[in-house]
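Me: I have a model open and want to learn how to read its features. Can you take me through it?

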Amino acid sequence: MKNFFKKLGFRKMDEMEQHIAFKAQRNALLFLLVALLIWTLYEAYKVFAFDAMLNPFPCMLLAAASCIQTFSQLIMTRNAVKDDEDSFETLPLLKIIIWVCVVVGVIATIVAAIMIMGVKL
């Protein structure tokens with residue numbers, strides 16, 4: 001399989017190419033987060049201004065993208081400094097647990113607010 005990819009022109013990236021790829025991925029993530037935030041705010045405006053039906057899809061995508069980015073960063077940091085004695089990372093697992101609690105709390109708050117306001121999904 002390795003030879004197949006070599007024949008297609010795939011190769012391992014050097015440090016500069018990796019740095020460029022990471023910057024491009026960061027820019028794409030920021031663009032998507034801003035676009036989803038604008039879409040979420042627009043949907044919220046439609047609900048309150050025109051009494052339209054709520055579209056939770058952009059908000060769920062925004063929350064999911066933010067959570068995936070945060071959790072993957074915390075887990076990768078934890079795995080990278082697992083056996084390092086000189087690391088200043090203290091209890092990244094605790095950070096993960098706190099983030100899970102925050103996300104669950106935000107989701108519960110949003111669901112409760114929707115139910116209290118009587119918005120039909």
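The dialogue below goes from the whole chain to single residues.

Reply: Two ground rules come before the features. This is a predicted model, so local features need pLDDT of at least 70 and side-chain atom pairs count only at pLDDT 80 or more, while totals for chains, interfaces and linings use all residues. Residues are numbered from 1 along each chain as its sequence is written, and side-chain values use heavy atoms, with hydrogens and water left out.

Me: How many helices and strands does the secondary structure of the chain come to?

Reply: Helices (H or I, at least four residues) and strands (E, at least two) are DSSP runs, numbered from the N terminus. Here there are four helices and zero strands. Along the sequence the pattern reads α-α-α-α. The radius of gyration is 20 Å, well over the 14 Å of the globule rule for 121 residues, so the chain is more spread out than a compact globule. That radius is taken over C-alpha atoms, and the rule is 2.2 Å times the number of residues to the power 0.38. Along the principal axes, the C-alpha atoms fill a box of roughly 55 × 40 × 25 Å.

Me: At what angle do the axes of α2 and α3 cross?

Reply: Axes are lines fitted to C-alpha atoms, for helices over the stretch in contact, and angles run from 0 to 180 degrees between N-to-C directions. Helix α2 (residues 15-50) and helix α3 (residues 57-80) cross at roughly 150 degrees, their axes coming within 8 Å. That makes α2 roughly antiparallel to α3 (angles over 145 degrees count as such).

Me: Which residues of α2 and α3 meet?

Reply: Contact means heavy atoms within 4.5 Å. From α2, the residues include Leu29, Leu33, Trp39 and Glu43; α3 brings Phe57, Pro58, Leu61 and Gln69, among others.

Me: Is Glu43 buried or exposed?

Reply: Buried means under 20% relative accessible area, exposed over 50%, partly exposed in between (1.4 Å probe, protein chains only). Glu43, in helix α2, is buried at 6%. Leaving aside neighbours within four places in sequence, Glu43 is in contact with Asn55 and Pro58. Buried residues make up 11% of the 121 residues in the chain.

Me: What is the phi of Asp51?

Reply: Most residues other than glycine have a negative phi. Asp51 has a positive value, near 55 degrees. Asp51 sits in the loop between α2 and α3 and counts as exposed, at 68% relative accessibility.

Note on methods. Parallel < 35°, antiparallel > 145°, perpendicular 65-115°, else oblique.
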